[in-house]
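I opened my notebook to get to know a new structure, and I am jotting down what I look up as I go.

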Amino acid sequence: MSCSLKEKILELDARIPRYTSYPTAPHFTTAKNSGFYTDWLEALPTGTDISLYLHIPFCHQLCWYCGCHTKITRRYDPVEAYIQLLLQEIDTLSAHIGKDKIVRHIHFGGGSPGILSPRDFACLMEQIRETFTIDKKAEIAIELDPRNVTEARVAAYAKAGVNRVSLGVQDFASDTLAAINRPQPFYLSYEAVTLLRSYGISGVNLDLMYGLPFQTVESIKDTVAKAVLLKPDRIAFFGYAHVPWVKKHMRLIEDSTLPDKDLRYDLFQAGAAAFEKAGYRSIGIDHFARENDSLFKTVGTSHIHRNFQGYTTDPCSTLIGLGLSAISKLPQGYSQNSPDMSAYQKAISNQTPPAAKYRAITPEDRLRGDVIERLMCHFCVDLPALCHAHGVNNNHFKEEIMALDAYQKLGFINIDEGVITVKPEAKLMARAVCAAFDTYLNIADTAPRHARAI
Ligand SMILES: C[S@@+](CC[C@H](N)C(=O)[O-])C[C@H]1O[C@@H](n2cnc3c(N)ncnc32)[C@H](O)[C@@H]1O
Ligand code: SF4
């Protein structure tokens, strides 16, 4: 009996990274001090385009599915104290970066950057504007929990030049929301979107998830229908990464309430079909965009990229991460700030960058990173052309191509004279194809560290 493509995909029960970087974060190593980072920053050529990422690691209530680096607080004073540290971190870095660099993208992520008071948000943006040169057309984005959206905050975002928000919705079904400890009725998202648009903030993304407790094909269709009513420009439709061995609080979600991999697959397909029917175009493995959206405009071009926030139009090869646990990407490699508040605080009070881990990128990493980014963004990679561009032999990936023959036989990909194309119906397998090029995964990843591929 012949197997359907779905059955073949489900047979592969691999645990694979999301490939928002290569090498991936588990392969960063502890730094003795932050000297490497200041050297890297000082070597950036004059006029380099840079992006900034600011991490706000606080939330008011814990969502049990949360995979982010955050801490729960009901009080505002820890947040206020943290903002003072963040302002000092910006100040410390400015001495090594220089005002000649041009900021093209700013992203506030978390945790919940939406819990900042309007005053603190304005203060951060003011410091950024004083420290760096910001491109007039820069994208300034913030991740918002609809439960934190107030008119005073939205007014502060608009005044500071925020032009894109990502609203964390996840699902609209009340049984699912109760099982993930995220009470959030539909009207909150509706009011947030209405308020943001009334202040001229036009780029609205929604974050939705599949694979959550009690989701059914019917419930996901209903959630998508409600999401579409809000007319978001972009939707991120993330597969829930259930990793209770990393994030202990995920044990609060009963295993028996989670969809099995068969249903997860159907949930994704049902959601994707509903978005496409509503006029959204599928971008990358888990994003959907409307015609007016900047990510939509990247279709068929080389202007789509992948960074720690997922898919982006941001082409900058230099991303400066600020705040607890934030990751930076520089031409020389990756650097990660300490995730430990006292270590972070100590570095800041010593006026040194809080860089705690790093990974210099070798030419081989750069080549493999390019292969992986192309597969994740375009589902196609011309290996001979890429090898030529990186100055290596055409046969460089002979072993990988041989290993991938198994996927070709399963009908996931085509390999034609070194050009690998992931078939549209097997998009969910893109990460598994990338894994064939990940030399670190084979060596070190015997433990169940990552979430399932599907
Ligand atoms: C850092 S959160 C920030 C948004 C904001 N804190 C909120 O929840 O509204 C960004 C997004 O990551 C996604 N996310 C969080 N935990 C996840 C997990 N375990 N698996 C997959 N996606 C996850 C959610 O869709 C969430 O909206
Ligand atoms: S999902 Fe968002 S709001 Fe919920 S705990 Fe995580 S970062 Fe906080």
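**Entry 1: two helices side by side.** Before listing who touches whom, I note that two residues are in contact if their C-beta atoms, placed from the backbone, lie within 7 Å. I also remind myself that this is a predicted model.

With that in hand, I looked at where α3 meets α4. From α3, the residues Glu80, Ile83, Leu86, Leu87, Ile90 and Ser94 take part, and from α4 they meet Asp120, Cys123, Leu124, Gln127, Ile128 and Thr131. I sorted the residues of this contact by class and got 7 nonpolar, 3 polar and 2 charged.

Next I wanted the geometry. Two packed helices are described by the angle between their axes and the distance between the axes. What angle do α3 and α4 make? I found about 5° between helix α3 (residues 77–97) and helix α4 (residues 118–131), and their axes are 10 Å apart. Angles under 35 degrees count as roughly parallel, and α3 and α4 are therefore roughly parallel to each other.

**Entry 2: the domains.** I looked up how the protein chain is divided, and found domain 1 (1–21 + 363–454) and domain 2 (22–322). Their C-alpha centres lie 26 Å apart. Where they touch, 24 residues of domain 1 are in contact with 23 residues of domain 2.

Which helix gives the largest share of domain 1's side? My answer is α11, with 7 residues. At least two residues each come from α1 (5–11), α11 (363–378) and α15 (439–444).

Entry 3: I then followed 3 strands that form an open sheet in the order β18-β20-β19, with antiparallel pairing. The edge strands are β18 (380–382) and β19 (413–416), each pairing on one side only. From one strand to the next, I read an average twist of 5°.

I counted 3 bridges between β18 and strand β20 (residues 419–422). Val381 has Ile420 in β20 as its bridge partner. Helix α11 turned up again here: α11 packs on the sheet, touches β18 and β20, and makes about 145° with the direction of β18. Helix α13 (residues 398–410) lies across β19 and β20, at about 135° to β19.

**Entry 4: the ligands.** Around ligand 1 I found 16 residues, and the closest are Gly67, Asp145, Gly168, Asp207 and Ala241. The strands β5 (102–110), β7 (164–170) and β8 (203–210) each supply at least two residues of this shell. By class, the shell of ligand 1 has 7 nonpolar, 6 polar and 3 charged residues.

Ligand 2 is surrounded by residues that include Cys59, Cys63, Cys66, Cys68, Gly110, Gly111, Asp145 and Gly168. Its shell holds 5 nonpolar, 5 polar and 1 charged residues.

Entry 5: Most residues other than glycine have a negative phi, and most peptide bonds are trans. I went looking for exceptions. A cis peptide bond joins Gly110 and Gly111, with omega about 20°, and Gly111 lies in the loop between β5 and α4. Another cis peptide bond joins Tyr22 and Pro23, with omega about -5°; Pro23 lies in the loop between α1 and β1 (29–30).

Last, I checked Asn181, which is not a glycine but has a positive phi of about 60°. I found Asn181 in the loop between α6 (174–179) and α7 (186–198).

Terms used. Residues numbered from 1 in each chain as written. Chains lettered and ligands numbered in written order. Predicted model: local features only at pLDDT ≥ 70, side-chain atom pairs only at ≥ 80, totals over all residues. Near = placed C-beta within 6 Å. Nonpolar A, V, L, I, M, F, W, Y, C, P; charged D, E, K, R; others polar. Axes fitted to C-alpha atoms, helices over the stretch in contact; angles between N-to-C directions. Helix = DSSP H or I, 4+ residues; strand = E, 2+ residues; numbered from the N terminus. Parallel < 35°, antiparallel > 145°, perpendicular 65-115°, else oblique. Domains from an automatic or database assignment. Pairing = 2+ DSSP bridges.
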